[in-house]
Amino acid sequence: MAVTILQNDTSQDPLHKEKHLTSRFIALEEQYGAHNYKPLDIVVERASGVWVYDVEGRRYLDFLAAYSAVNQGHCHPRILAALLEQAQKVTLTSRAFRNDQLPLLYEELHNLTGFEMALPMNSGTEAVESALKIARKWGYTVKGIPEGQAEIIVCANNFHGRTISIISFSTEEQYRMGFGPYLSGFKVIPFGDAAALRAAITPHTAAFLVEPIQGEAGVLIPPDGYLREAAAICNENGVLFIADEIQSGLGRTGKLFACMHEGVTPDVLIIGKALAGGFYPVSAVLSSREVLGVLTPGDHGSTFGGNPLACAVARASLRVLVEENLSDRSAELGAVLLDRLRQIRNQHIREIRGRGLWVAIELDSPARPVCEALMRQGLLCKETHDNVIRLAPPLIITKEELLWACDRVQSVLEQL
Ligand SMILES: *Cc1c(COP(=O)(O)O)cnc(C)c1O
């Protein structure tokens with residue numbers, strides 16, 4: 001019986017018509033799954049473009065886009081076609097053998113971004129881990145830092161993933177608590193403070209790792225000129241400027257990368273999420289030959305990193321991003337979104353900020369009930385921290401859909 005429900009064979013399943021389908025799935029998930037998330041109580045069955053549909057057939061506009069992993073929209077037909085085509089040919093070779101997709105992805109990443117080399121990984125976290133390893137090795141072999149003493153500077157309120165080394169430099173108590181002992185070699189400075197960066201650098205500093213806009217922290221935009229100044233400070237001191245653009249990159253902020261708003265080219269760029277349009281975990285570290293060249297055979301690896309299915313999906317995802325001008329759409333519609341939201345009058349709104357189709361509404365009260373009310377109105381988004389609503393629709397959203405969503409946000413906020 002449970003199997004019938006899970007396969008969603010609606011023709012045979014009398015329960016499907018009942019209102020309890022959602023609670024059945026939720027009960028199974030709560031009983032058998034680890035409780036490391038607290039999702040909104042919608043059970044998604046399918047999605048297309050900006051719309052997702054739950055198991056009871058209700059339709060919602062996705063205003064989160066899987067934290068920017070589906071910038072191209074759900075189940076984009078061209079990415080789907082690439083996935084299906086490649087899945088019928090070859091999916092995994094491991095890097096023990098070469099495949100015919102990885103070189104093409106490398107070339108296309110180079111042509112799109114200008115970076116000389118790339119290292120393919122899977123999850124974003126793995127790409128950050130890889131960048132940290134590379135920065136350390138570069139510090140020892142190129143910069144000449146004494147073995148074992150490399151330091152990496154990071155920012156308060158960062159989010160770079162969940163592995164033990166990455167949570168070691170998180171400033172979010174819950175991300176760390178119970179998971180020690182922690183990895184050493186990291187120094188935390190305030191975000192947006194170039195003077196603090198200058199003061200923190202020592203001859204042992206290998207790299208500065210930063211999100212150009214802090215997403216999880218609540219779409220925090222640093223002061224104008226910060227990225228340019230930070231990059232210059234790194235450059236003067238022989239420190240690698242590493243931008244984690246896993247969430248801010250690939251069109252989200254209205255440019256291909258958020259660093260471009262200040263004309264900054266980082267020494268190392270980390271991408272993930274929308275690199276595969278939501279179909280597959282694909283991430284990459286992009287850099288120069290000087291930096292990525294520190295890796296020699298056997299230094300680092302991943303069974304799935306750079307597999308032909310991942311590469312075919314990433315190639316199609318990048319093509320969609322470019323050919324559908326998604327960065328420009330994000331810039332244009334982001335301005336519409338900010339403008340429309342700023343017309344909403346409510347005493348609980350502390351600030352509305354954003355860049356491109358990436359906006360935060362900061363309240364002086366809990367955001368969770370607002371997200372739940374928005375869900376009942378057919379709009380899906382998620383709180384970050386307690387009092388911030390993060391809005392980040394797929395970049396393919398139309399103006400009409402965007403305004404429809406804004407009406408919902410307005411009606412919910414005005415009832416607060
Ligand atoms: C999501 C995210 C990560 C981690 O990526 P995963 O694919 O979840 O491992 C790292 N850095 C930033 C800025 C992110 O938004």
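**Ligand contacts and overall fold**

Tutor: A polar side-chain atom of Gln247 lies 2.7 Å from an oxygen atom of the ligand. The protein buries 82% of the 380 Å² that the ligand exposes when taken alone, with accessible areas from the Shrake-Rupley method and a 1.4 Å probe. This is a predicted model, in which local features need pLDDT of at least 70 and side-chain atom pairs count only at pLDDT 80 or more, while totals for chains, interfaces and linings use all residues. Residues are numbered from 1 along each chain as its sequence is written, and side-chain values use heavy atoms, with hydrogens and water left out.

Student: How do you know how confident the predictor is in the chain?

Tutor: The mean pLDDT, the predictor's confidence in each residue from 0 to 100, is 95 for the chain, and 95% of its residues reach 70 or more. Over residues 1–7, however, the pLDDT is below 50.

Student: Why does the radius of gyration agree with a compact globule?

Tutor: With 416 residues, a compact globule would have a radius near 22 Å, and the chain has 22 Å, so the two agree; the radius is taken over C-alpha atoms, and the rule is 2.2 Å times the number of residues to the power 0.38.

Conventions. Contact = heavy atoms within 4.5 Å. Polar contact = N/O pair within 3.5 Å; in protein donor to acceptor, adjacent residues only side chain to side chain.
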